Amino acid sequence: MSAQAQMRALLDQLMGTARDGDETRQRVKFTDDRVCKSHLLDCCPHDILAGTRMDLGECTKIHDLALRADYEIASKERDLFFELDAMDHLESFIAECDRRTELAKKRLAETQEEISAEVSAKAEKVHELNEEIGKLLAKAEQLGAEGNVDESQKILMEVEKVRAKKKEAEEEYRNSMPASSFQQQKLRVCEVCSAYLGLHDNDRRLADHFGGKLHLGFIQIREKLDQLRKTVAEKQEKRNQDRLRRREEREREERLSRRSGSRTRDRRRSRSRDRRRRRSRSTSRERRKSSRSRSRDRHRRHRSRSRSHSRGHRRASRDRSSKYK
């Protein structure tokens with residue numbers, strides 16, 4: 001990659017797709033299904049294993065450092081939960097690698113003669129010591145490259161102790177094996193990256209394997225998968241708790257609403273009873289007033305008739321008196 005291309009990639013990674021106003025690059029968003037979510041989380045096997053013996057080639061989905069920068073900016077504001085997609089991707093990849101490892105073990109078992117459990121345990125011990133030496137040497141080289149010479153020297157001293165243990169283990173294994181079978185029982189499949197390891201590999205070969213890009217890449221992928229599983233579990237637990245809390249809040253609001261509605265209905269009933277009572281009292285008063293009014297009217301009519309009858313009687317009496325005179 002040229003210096004200009006490296007600078008462009010660095011700007012994309014820092015500033016995202018909108019760094020220079022290029023609208024054509026913004027047509028594909030990081031949320032698009034065509035974008036590799038594992039790439040956004042910096043754990044796509046196609047990137048990690050590039051240039052190794054197990055180079056997977058170009059990923060079928062879009063890889064763009066600018067889209068990763070857009071995702072990192074957006075993820076600070078809201079939870080996009082892309083970890084679930086990345087976890088599914090890595091689980092599928094690791095499951096396929098583990099399947100190949102088991103097939104390699106099976107083929108290896110078919111090509112090598114059967115040995116007793118005791119001899120197998122001794123061979124396993126030699127393999128374990130080989131792995132320990134390889135890992136220590138790889139770590140010592142890394143520390144030396146970082147300038148930490150004292151720590152590197154301490155690890156090299158540990159390597160010498162492990163080498164002594166390995167020599168003793170190899171001697172025990174050699175003495176327990178027939179001479180004709182000793183050279184055949186020399187391979188083992190690495191549990192991390194599925195590579196074949198020799199029982200008698202020298203230290204340089206072991207250091208190159210355990211410090212190599214392939215082995216370290218698989219360690220990175222497996223560690224990232226464990227981290228994603230933990231993150232997804234925590235986020236799912238948090239979502240479940242939020243969902244439960246929202247449901248409890250809704251139920252609480254519904255209970256309060258029902259209580260409020262019940263109080264409202266009680267108040268309405270009370271008001272309705274009060275209105276009926278007032279109407280009843282008003283009707284009773286009206287009836288009493290009407291009854292008193294009718295009674296007064298009857299009394300007035302009776303008095304009026306009585307007066308009229310009395311006046312008529314006096315008039316008739318005067319008329320009779322005037323005749324006699």
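Helix H4 spans residues 65-75, and its buried residues are Ala 66, Leu 67, Arg 68, Ala 69, Asp 70, Tyr 71 and Ala 74. Buried stands for under 20% relative accessible area, exposed for over 50%, and partly exposed for values in between (1.4 Å probe, protein chains only). Helices (H or I, at least four residues) and strands (E, at least two) are DSSP runs, numbered from the N terminus. At the start of H4, the backbone nitrogen of Ala 66 has a side-chain oxygen of Asp 64 within 2.9 Å.

The model is predicted: local features require pLDDT of at least 70, and side-chain atom pairs are counted only at pLDDT 80 or more, while totals for chains, interfaces and linings use all residues. Residues are numbered from 1 along each chain as its sequence is written, and side-chain values use heavy atoms, leaving out hydrogens and water.

The protein chain contains nine helices and two strands. Along the sequence, these elements follow the pattern α-α-α-α-α-α-α-β-β-α-α. The chain has 325 residues, of which 30% are buried.

Phe 81 is not a glycine, yet its phi is positive, near 60°. Phe 81 sits in the loop between H4 and helix H5 (83-111). Its relative accessible area is 11%, so Phe 81 is buried. Ser 194 also is a residue other than glycine, with a positive phi of about 70°. The loop that holds Ser 194 runs between strand S1 (187-189) and strand S2 (196-198). Ser 194 is buried because its relative accessible area is 16%.

Polar contacts were examined next; each is a pair of N or O atoms within 3.5 Å. Within protein, one atom must be able to donate a hydrogen and the other to accept it, and residues adjacent in sequence count only if both atoms are side-chain atoms. His 46 lies in helix H3 (residues 45-48). With a relative accessible area of 18%, His 46 is buried. A polar atom of the His 46 side chain is 3.2 Å from the backbone oxygen of Gly 57. Lys 166 belongs to helix H7 (residues 149-176). Lys 166 has a relative accessible area of 9% and is therefore buried. The side chains of Lys 166 and Asn 130 make a polar contact of 2.8 Å.

Ile 94 is part of helix H5. At 6% relative accessibility, Ile 94 is buried. Ile 94 and Ile 221 are separated by 127 residues in sequence, but their C-alpha atoms are 8.3 Å apart in space.

Glu 249 lies in helix H9 (residues 213-324). Glu 249 is partly exposed because its relative accessible area is 35%. Arg 281 is located in helix H9. Its relative accessibility is 51%, so Arg 281 counts as exposed.
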